[in-house]
Amino acid sequence: MNIASIHAAALRLPTPDEPRTEPRRPPWSADAEIANPMSKFPRYKRYRPSWLPKWGAVWVKATAEDGTWGAGLTSFGRPVAAVIEDHLGPLLVGESCFAIDKCWDMMSRATKPYGSTGIAACAISGVDLALWDLAGKLRGLPVYEMLGGPARSSLFAYATGNDIDWFLECGFKAVKLACPHGPADGVDGLNQNEQFICQTRDLCGPDIDVMLDCYMAFDVDYTVQLAERMRPYRLKWIEEFLPPEDLEAHGEVKRRLPWQTLASGEHMYLPTPFKRLIQLRALDILQPDIHWVGGLTAARRIALMADAAGIQVILHGGGMNPYGLHFSAAMPNTPWCEYFIGSAPGVPLREAKPYNPDETPVDSHVFPSNRPGFGLEIKEEWLVPFFT
């Protein structure tokens, strides 16, 4: 069975009929200050959306000759959709629906003239995920079975965000905070970060794991200073503390903080930088994003390299949708998954999910459905052309 078409799409969900639960308060994500790469510029420091592009999600619809279709998901709007629609989609028409590694190799090589990382890697990701979904539907198998079967019967899910009281009420046994302050805030920022972590540890008690996400905001010295300050509060890991391009600097942080578990990788693209990080032993946990790194095919290659080195992989956002769940269920070294919560406290997590509400964590555990492909509960008519 061959590929008949691949197109960029937008998802148009129908308006839900059920009444919605009233929130108790606005979510933390509505106005929280988060340390970020632009924090040194006062005009953009306070609120991350003030400088991020207004690009939304991009869906990919891959259709076989018999009309069976699969759906993939990526980010960053029009630039990514253009790469899919103008280049990668037409490139793969006529290829076997099951030759996913070959298709990935073709996309990786074909994007070399304008760079296979960044925007191109996100486009590759969306197409790759659509092909895995399509192949699963054609074979009548969930993707985790196509990857060799489930490596575990349940995935431990942790919550990301700063509404910690709500996350604990929802049953999460581990939480990850968005760090408010970075080098631009000086010693006062360090003091406020410590107060924030201290309050969280007091709220969670000794038996809840606490992690810290730093969103590419720090340099080597600040990372070391912060880690030393936070040592009494037993952070399980510190995440994405440096700009992603400087791999050697990650190794320097690990050399200076041998006792602190370090994680990163969501803004790294294709397997190559992860190979170098493994060689440097610079990170204890690799965190590719399956929607950006090059899809499931790239994530699987990273996980196999990491497993050979005894390193865990915990996808960025891997518990939020079926793509990450199927991958994490099947790989031997992916025991945890991340569940980002930006919805308001008081609104049930199932209600906040736009699709596949059955894949919502309960008591900090979740597992994908056994429906074919990624088991997406979306209808074909909800996928409309991205460019009209």
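Start the tour by selecting Glu240, which is buried, with a relative accessible area of 1% (buried means under 20% relative accessible area, exposed over 50% and partly exposed in between, with a 1.4 Å probe and protein chains only). The model on screen is a predicted one, in which local features need pLDDT of at least 70 and side-chain atom pairs count only at pLDDT 80 or more, while totals for chains, interfaces and linings use all residues. Residues are numbered from 1 along each chain as its sequence is written, and side-chain values use heavy atoms, with hydrogens and water left out.

**Two loop residues with positive phi**

Stay with Glu240, which is found in the loop between β7 (235-239) and α9; helices (H or I, at least four residues) and strands (E, at least two) are DSSP runs, numbered from the N terminus. The phi of Glu240 is near 45°, a positive value in a residue other than glycine. Most residues other than glycine have a negative phi. Next select Met216, where phi is near 60°, again positive in a residue other than glycine. Met216 belongs to the loop between β6 (209-213) and α8, and with 12% relative accessibility it counts as buried.

**Helix pairs**

Now display α8 and α9, which pack at an angle of about 30° with their axes 10 Å apart; axes are lines fitted to C-alpha atoms, for helices over the stretch in contact, and angles run from 0 to 180 degrees between N-to-C directions. The two helices α8 and α9 are therefore roughly parallel to each other, given that angles under 35 degrees count as roughly parallel, over 145 as roughly antiparallel, 65 to 115 as roughly perpendicular and the rest as oblique. The crossing of α8 and α9 is right-handed, a crossing being left-handed if the near helix is turned anticlockwise from the far one by less than a right angle, and right-handed if clockwise.

Move on to helix α3 (residues 100-110) and helix α4 (residues 119-139), whose axes come within 10 Å and cross at roughly 165°. That angle makes α3 roughly antiparallel to α4, and α3 passes α4 in a right-handed crossing.

**Salt bridges**

Side chains of opposite charge can pair when their charged atoms come close. The whole structure holds 21 salt bridges, each a side-chain nitrogen of Lys or Arg within 4 Å of a carboxyl oxygen of Asp or Glu.

Select Glu380 and Lys61, which form a salt bridge whose closest N and O atoms are 2.7 Å apart. This pair links distant parts of the chain, since Glu380 is in the loop between β12 (365-366) and β13 (383-385) and Lys61 is in strand β2 (residues 58-64), 319 residues apart. Glu380 is partly exposed, with a relative accessible area of 34%, whereas Lys61 counts as buried at 19% relative accessibility.

Then bring up Arg229 and Glu194, a salt bridge with its closest N and O atoms 3.0 Å apart. Arg229 lies in helix α8 (residues 220-230) and Glu194 in helix α7 (residues 186-204), so the pair ties together parts that are 35 residues apart in sequence.

A further stop is Glu248 with Arg276, whose side chains meet in a salt bridge (3.4 Å, N to O). Here Glu248 lies in helix α9 (residues 247-256) and Arg276 in helix α10 (residues 272-280), so the pair ties together parts that are 28 residues apart in sequence. Finally, select Arg25, Asp163 and Asp165 together to see a network of salt bridges.

**Rings**

There are 12 aromatic pairs; rings of Phe, Tyr and Trp (its six-membered ring) pair if their centres lie within 6.5 Å, and planes under 30 degrees apart count as stacked, over 60 as edge-to-face and the rest as tilted. One of them joins Phe76 and Trp292 in a tilted arrangement, 5.5 Å centre to centre, with 40° between the planes. Phe76 is in the loop between β3 (69-74) and α2 (77-92) and Trp292 in the loop between β9 (285-286) and α11 (295-308), so that distant parts of the chain, 216 residues apart, are linked. Phe76 is partly exposed at 23% relative accessible area, while Trp292 is buried at 11%.

Select Phe156, Tyr158, Trp237 and Trp336 next, which ring pairs link into a cluster.

Two arginines close the tour. Arg48 lies over the face of Tyr215, at 4.1 Å from the ring centre, and the charged end of Arg231 sits over the ring of Trp259, 4.0 Å from its centre; a charge sits over a ring if NZ of Lys or CZ of Arg is within 6 Å of the ring centre and within 35 degrees of the ring normal.
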